[in-house]
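Biologist: Walk me through this chain, please. I will ask what stands behind each label.

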Amino acid sequence: MLGDITVADEIYIVCGYTDMRRAIDGLCAIVQDKLHMDPRRSALYLFCGKRCDRIKALLWEGDGFLLLYKRMEAQGRFRWPRNSDEVKALTWQQFDWLMSGLEIEQPKAFKAVSDAPADSQKQRIA
């Protein structure tokens, strides 16, 4: 379905500045050359310019690329990591924080609980 980003298995944020004049081919080149990844994988790639009020997202839909563009109309800005040599994998929660104008790292947020400690505790009880 056109524009359904929930089909993405992974989300990657391309840190640093991206020339927002780039279109699909230019963003694919960044994914291939800078990140050494295949832009045709089931992933959502996020890019941001210097002003931090616009984001482009690139998604392969199986039969073609989808390019999404979001411009903030409010006074806020996206909290974008600026280390240009870095790409970060995001969770859907971090993506939601980013789109809401928050930092992708929320130190006061509850951390996901893994199943491993509970399993080991069950073994000790038995």
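Modeller: Start with burial: a residue is buried under 20% relative accessible area, exposed over 50% and partly exposed in between, with a 1.4 Å probe and protein chains only. By that rule, buried residues make up 38% of the 126 residues in the chain. This is a predicted model, where local features need pLDDT of at least 70, side-chain atom pairs count only at pLDDT 80 or more, and totals for chains, interfaces and linings use all residues. Residues are numbered from 1 along each chain as its sequence is written, and side-chain values use heavy atoms, with hydrogens and water left out.

Biologist: Which strand is joined to β3 by 7 bridges?

Modeller: That is β4, residues 65–71, again antiparallel to β3. A57 faces L68 across this pair, standing opposite it. The hairpin of β3 and β4 has 4 residues between the strands, and G62 takes a positive phi near 100°.

Biologist: Why is the pair of W60 and F65 called edge-to-face?

Modeller: Rings of Phe, Tyr and Trp (its six-membered ring) pair if their centres lie within 6.5 Å; planes under 30 degrees apart count as stacked, over 60 as edge-to-face and the rest as tilted. The count comes to 3 aromatic pairs. In one of them, W60 and F65 have ring centres 4.8 Å apart and planes at 65°, so the pair is edge-to-face. F65 counts as partly exposed because its relative accessibility is 23%.

Biologist: Why does the pair of W92 and F95 get the label edge-to-face?

Modeller: The centres are 5.7 Å apart and the planes of W92 and F95 stand at 85°, so this pair is edge-to-face. Both residues sit in helix α2 (residues 92–99), 3 residues apart, so about one helical turn separates them. W92 has 35% relative accessible area, so it is partly exposed. F95 has 12%, so it is buried.

Biologist: What makes R40 a charge over the ring of W60?

Modeller: The rule asks for NZ of Lys or CZ of Arg within 6 Å of the ring centre and within 35 degrees of the ring normal. The charged end of R40 sits over the ring of W60, 5.1 Å from its centre. K50 does likewise over the ring of Y17, at 5.8 Å from the centre.

Biologist: Why is T18 called buried?

Modeller: T18 has 8% relative accessibility, so it counts as buried. T18 lies in the loop between β1 and α1. Contact means heavy atoms within 4.5 Å. Not counting residues up to four places away in sequence, T18 touches L27, I30, F47, C48 and G49.

Methods:
Pairing = 2+ DSSP bridges. Helix = DSSP H or I, 4+ residues; strand = E, 2+ residues; numbered from the N terminus.
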